[in-house]
Amino acid sequence: MFMEELKHKHEKQKRQTRRLSQHNADDHEHQDSAEHEQSTNLYVCNLHPKVDERELCMAFARFGPIGSVKILWPRTPADYARQHNNGFVCFMKREHAEAALIGMNEAVMQGLALRVVWGKRVPVPTKPFFELDAHGAEKVVLTGLPFNAAIGTSENGSGGIPEVLVKRPVDTRIMRLIHWTVEHVIRYGPRFECLLIKRKSKDARFQFLTDWTSADHVYYRWRMYSLLSGDTKWHWQSRMFMMYHPGPVWVPPEIRQIAFIESSDTEEHPLGNTLGDRARERLVQRVHKVQSNERGPIANAMAMAVEHAYAAAEVVEIVYEALVSAKLPADQLPKLWLVSDILHNSSTTVPNAWRLRECFEGRLEEIFNALSETYRRIEGRLKAEHFRKQVLAVLAVWETWMIFPVETLYQM
């Protein structure tokens, strides 16, 4: 029932996407030639959805310092259905842009061949946004401002106020160490941080604690502030903000870019692939609290489910039982949104998170049979129609996220 309507929408969406893609390609292929002759800005097509700004910079900066970079992240179902992104890389000098145009056109990044053409001319900043040193590592350009803030580093800009652009650590081990430190400083207070600085002063791994010019220190300070301000490990405010006044504007990273990698906790993460009694009880309680579209309970239950992905089968069983045992639409829909949130975060780098998607896939038919039964029991056409649209909206999101193959959804 739900799948047939989704299939019709999918076919219509594919036709619209083809027209939109052709229109966008035509727009950029016919840019004014005079603009191109002076431009240092490159339009990069066919980026893999997992390529972020940092990876794009690392690939292009070998041709010269970069003034700005921007990826056109998907915002609509048509954008997601395209299954690739586009973006811009602006160089400081024309000759570097020309070299990158030749060197990167048809280059392969994460399995997709890039198409690089000239983009519209844009203002070039006085200092580079990204640059590599002689060893091919990211060069830290010192600005002399707090947290090495720079003018005009973000997409939207902040009216001339210095900006601190938060970037995720490239080294996953450093990211784990930063997350571990943040957890313990929040738990034990500033004295723990001071003690750590004193004892680890000669340990290069903890350099992020004292080197305020480094991107890792900026990430550490932002992560600490974010959690203390009420954000969660998985969701945070993406708007620019001032950490103190007067001071620079902080630009948080895209939520999609970071998975909060947990440190090991033997009490909460027992060996094997089953939940401990305490962890199981807590998960059941959190799932039970998901009774509306309120973001807090859903996020809390999702976070715990992902954190305990080593016991994916048991986690999925708990969520599944909560959904199918709820007989009222108002009880079932929040559980379905929880399933959707868990699936969305199953692609993170948390160990075994992918197993959640695998286990849910085996339960899809039973889940949607239960939803169909609930739909048929609803008295009142308006209420039934509202329930149907809510379920279809979730399916449409899954399709755009490409969580399951389209064929899998249609075969349910």
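1. Ground rules. Because the model is predicted, local features need pLDDT of at least 70 and side-chain atom pairs count only at pLDDT 80 or more, while totals for chains, interfaces and linings use all residues. Residues are numbered from 1 along each chain as its sequence is written, and side-chain values use heavy atoms, with hydrogens and water left out.

2. Strand 3. Helices (H or I, at least four residues) and strands (E, at least two) are DSSP runs, numbered from the N terminus. Buried means under 20% relative accessible area, exposed over 50%, and partly exposed in between (1.4 Å probe, protein chains only). Asn85, Gly87, Val89 and Phe91 point one way. Asn86, Phe88 and Cys90 point the other way.

3. Its partners. Two strands pair if DSSP finds at least two bridges between them. Strand 1 (residues 41-47) pairs with strand 3 in the antiparallel sense, over 5 bridges. Strand 2 (residues 66-72) also pairs with strand 3 in the antiparallel sense, over 6 bridges. Look at Gly87: it is the bridge partner of Val44 and of Ile71.

4. Salt bridges. A salt bridge is a side-chain nitrogen of Lys or Arg within 4 Å of a carboxyl oxygen of Asp or Glu. The whole structure has 10. One of them joins Asp203 to Arg205, with the closest N and O atoms 2.8 Å apart. Arg205 is partly exposed, at 46% relative accessibility.

5. A link between helices. Arg280 and Glu314 form a salt bridge at 2.8 Å, N to O. Arg280 lies in helix 9 (residues 277-288) and Glu314 in helix 11 (residues 312-325), so the pair ties together parts that are 34 residues apart in sequence. Arg280 is partly exposed, with a relative accessible area of 35%.

6. A network. The side chains of Arg363 and Glu366 form a salt bridge at 3.1 Å, N to O. Glu366 is partly exposed, at 33% relative accessibility. Salt bridges with shared partners join Glu317, Arg363 and Glu366 into one network.

7. Helix 14. The expected span of a helix is 1.5 Å times one less than its number of residues. Helix 14 (residues 364-377) has 14 residues and should span 20 Å; its end C-alpha atoms are 20 Å apart, which agrees. Its buried residues are Leu364, Ile367, Phe368, Ala370, Leu371, Ser372 and Thr374. An α-helix has 3.6 residues a turn, so residues three or four places apart point the same way.
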